[in-house]
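Good morning, colleagues. Please look at the sequence and the structure now.

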Amino acid sequence: MIDLNDEQLMQLVKAGDLDKMSLLFKRHCRSLYGFLYHMTHDRVASEDMVQNVFYRMLKYRSSYVGTGTFQTWMFHIARNVLKDNGKRRHPVPWSDKMEGLAENLTDGNTADQQLEKKHDQQQLYRAVELLKVQDREILTLSKFQELKYHQIAQILNISEGSVKVRVHRALNELKNIYQKNKLL
Amino acid sequence: MNGEKAHKDELENRDIWDLLDGLKSPEPSADMEMRFQGTLDHYKQTEQEKRNYLQQLWLALTTLFSFRPQAQLAYSVFLVTVSVVVGYSLNQNTTVETNDNERLSLLANQVEQMRKLMVVSLLENPSATERLRAVNYTGEMKAADRQVINTLLLTLNEDPNVNVRLVTLDALAKFSSQPEVRAGLVNSITRQESPLVQVAMANLMLKLQEKASVAPLKKLLEQEALNHAVRSKIEFTINELII
């Protein structure tokens, strides 16, 4: 049963085999959490939203038509949940945002190198945060979720060409903000 | 030069792209899966309860009807009763609607009466403007009764103001389908002295094709002081009417 792909599992859920949803959760909760975390920089809210996305998929399982991939559908719902959540969410303190960053600096360089890298990443982190929501979203989907351009195009409901242009533009914007902050 | 810049941009973008690797998201908490499992179990239970309830209801109904024919009868009687009650209440609503319509027509009637009273009383007002206003009110009336018509005819014959008499003539033309109005208009012809009213009167008679007006119009022609233009107009009207 593990060999079934996402779309087949979702079709089974739609047919009433609700337990299959836990398999889908296992497969996708991390990547979904990653997406939501990069969009909000809030661990607790991201976890809540992951639960919310999967709950909505259960509740509205009959609306799953299976024309696109399961992942596309999931990110569609995630974007809606994000929008709903955005209306209510309070800004997260800076210290909370930095929390996730420190965990990633564990390679075995010297203390100075690590400090420098940490500083660079803090600058980059600030730059990412200063991006427009649309730019941050497209970079998150292409870089952190490693989705193909045609998948992103389906999620955002735009053409593949537009995705390429937007990714390039977002990257340029990020570079500009990052370099400006570095000089300060 | 441009190609060099583009190449440099590309390299810088790649550096940024690589640097982004360091911003991998943190791991979610360990109990996230457990929490979802709890949500899923709860959801399944709710769904199951819903399904069970519907199944039980269906089972109860089928059992009731398959073993007890009198239950079928009772259900039929129940349906008929509900239909009768619904039908009766709908009928009541129709009655209420009819009452509303009656009330509305009563109200419209009262407004019409008020308007009539206003016309009659305003026509006795010494101000010509007020009398003009009164005549204009008759334009909003659907039909005129004998009292209004008599008042209007009196105004047409007696009012000292030419404008009021002209407007009154127009107002009476509106009710010309009523025989007493036509008769009153014909009788009024010889009483008019203003050339303007005489011409208007001749026009109206022609429009109404009122042959009874030929005699009074001829009588008008007998007046020596009759305006030359009016005389031609009346002669023309008589010729048209007697054809």
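Let me begin with a term: a salt bridge here is a side-chain nitrogen of Lys or Arg within 4 Å of a carboxyl oxygen of Asp or Glu. Please bear in mind that this is a predicted model.

A:Arg27 meets that definition with A:Asp6, as their closest N and O atoms are 2.7 Å apart. A:Arg27 belongs to helix H2 of chain A and A:Asp6 to helix H1, so the pair ties together parts that are 21 residues apart in sequence. A:Asp6 counts as buried, at 14% relative accessibility, whereas A:Arg27 is partly exposed at 34%.

A second pair within chain A is A:Asp84 with A:Arg56, at 2.8 Å from N to O. This one links helix H4 and helix H3 of chain A, 28 residues apart.

I turn now to the interface. Chain A contributes 43 residues to the contact and chain B 27 residues. The buried area is about 3,500 Å², with 63% given by carbon and sulfur atoms.

How many salt bridges are there between chain A and chain B? The count is five. One of them pairs A:Arg30 with B:Glu27 at 3.0 Å, N to O. A:Arg30 lies in helix H2 of chain A and B:Glu27 in the loop between helices H1 and H2 of chain B, so this pair joins two chains. Another salt bridge connects the side chains of A:Asp19 and B:Lys44, at 2.4 Å from N to O.

Finally, there are eight residue pairs in polar contact between chain A and chain B, both residues at pLDDT 80 or more. On the side of chain A that touches chain B, H2(A) gives the most, with 10 residues.

Definitions and conventions: Residues numbered from 1 in each chain as written. Chains lettered and ligands numbered in written order. Predicted model: local features only at pLDDT ≥ 70, side-chain atom pairs only at ≥ 80, totals over all residues. Heavy atoms only, no water. Contact = heavy atoms within 4.5 Å. Buried area = accessible area lost by both parts, 1.4 Å probe. Polar contact = N/O pair within 3.5 Å; in protein donor to acceptor, adjacent residues only side chain to side chain. Helix = DSSP H or I, 4+ residues; strand = E, 2+ residues; numbered from the N terminus. Buried < 20%, exposed > 50% of the residue type's maximum accessible area, 1.4 Å probe, protein only.
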